[in-house]
Amino acid sequence: SQPLVAPEYKGFIDLVRARTIIRNISNHIDMSSNGNVTIPRAISGSTASWVGEGQVIPESAPNFDVINMLWKKIAVTSSMTKELGMYGAFDVSRYVSEDLAKQLGIGEDYSLINNTARTETSPNGLLGYTTASGNFSAVTGNDFASINTALYQALSFIAGKNFYTNDLVWIMPVQVELYLRSIATTLGIYPFANEMDRTGRLFGAKVYTTNLIATNGGTDPKN
């Protein structure tokens, strides 16, 4: 015989996804509908000089170049049967639409963080813009003093390029945030955890964490 009692569906368990952060840290997102975009940029300014009365003022002028933003396309597609959309146990059509949007965001974040070079179809990522001169040696100590010094060195390097704390954010894997929270001073105080709990910041810069950042020297974090 066949069972005659229909199953009862209750609720829905969604897919657990990595947090996306790139659009949250962007001060400006420019949507271009005409292809590539060229942005003029100042790379140096005029020079002020001390001169005596009647002396010729040295001539100087700002210097410019351009940033070429090449149009790249990210896409995702899916399909389902008409019957599933009409008679599914929940609103499958809405879920598929939302899933496409969320997966686009994850794909965008992963590429804009981890890509090390620009290709014909994909953009460069934050890792691709790092240089040897901007990297610091690995921290040898795991105590508060060593970690604190390393973080201050990073901030000092950036501030030396005329970028200041109000304009900065920390982007780190979730595991790094948890590690920082676990570090205590010799007096049993947790300075990093205390500041992040109170303000969501570290040394005044907002903290963003995601599992989309590789934590093992470049291995794909999705694997």
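**Entry 1: the whole chain**

I started with the radius of gyration: the protein chain has 25 Å, whereas a compact globule of 223 residues would be near 17 Å. The radius is taken over C-alpha atoms, and the globule rule is 2.2 Å times the number of residues to the power 0.38. This is a predicted model, so I kept to its rules: local features need pLDDT of at least 70, side-chain atom pairs count only at pLDDT 80 or more, and totals for chains, interfaces and linings use all residues. Residues are numbered from 1 along each chain as its sequence is written, and side-chain values use heavy atoms, with hydrogens and water left out.

Next I took the extents of the C-alpha trace, which spans about 110 × 60 × 30 Å along its principal axes. I noted an accessible surface of about 16,800 Å² for the protein chain, with 55% of it belonging to carbon and sulfur atoms; the areas come from the Shrake-Rupley method with a 1.4 Å probe, and for residues only the protein chains shown count as cover. Of the 223 residues, 19% count as buried. Here buried means under 20% relative accessible area, exposed over 50%, and partly exposed in between (1.4 Å probe, protein chains only).

I then listed the elements: 6 helices and 5 strands, in the order α-β-β-α-α-α-β-α-α-β-β from the N terminus on. These are DSSP runs numbered from the N terminus, helices being H or I with at least four residues and strands E with at least two. Among contacts with a separation of 6 or more, 60% come from residues 24 or more positions apart; contact means heavy atoms within 4.5 Å.

**Entry 2: helix 4**

I looked up burial in helix 4 and got I147, N148, A150, L151, A154 and L155. They cover an arc of only 160 degrees around the axis, which puts them on the same side of helix 4; the arc is that of the directions from the helix axis to the C-beta atoms.

I checked A159 against V92: they are 67 residues apart along the chain, and their C-alpha atoms are separated by 50 Å.

**Entry 3: helix 6**

Which residues of helix 6 are buried? My list reads F192, A193, E195 and M196. Their arc around the axis is only 165 degrees, which puts them on the same side of helix 6. D197 and R198 are exposed on the other side. The cover over the buried residues includes helix 4, helix 5, strand 4 and strand 5 (205–210). Just after helix 6, I noted that G200 takes a positive phi of about 75 degrees.

**Entry 4: T209**

T209 lies in strand 5, and at 8% relative accessibility counts as buried. I found its side chain in a polar contact of 2.8 Å with the side chain of R19, and in another of 3.5 Å with the side chain of E177. A polar contact is a pair of N or O atoms within 3.5 Å; within protein, one must be able to donate a hydrogen and the other to accept it, and residues adjacent in sequence count only if both atoms are side-chain atoms. Leaving out residues up to four places away in sequence, T209 touches R19, I21, M172, P173, V174 and E177.

**Entry 5: two positive phi values**

N162 has phi near 70 degrees, positive in a residue other than glycine. N162 sits in the loop between helix 4 and strand 3 and counts as exposed at 57% relative accessibility. F203 has phi near 55 degrees, again positive in a residue other than glycine. F203 lies in the loop between strand 4 and strand 5, and is buried at 17% relative accessibility.
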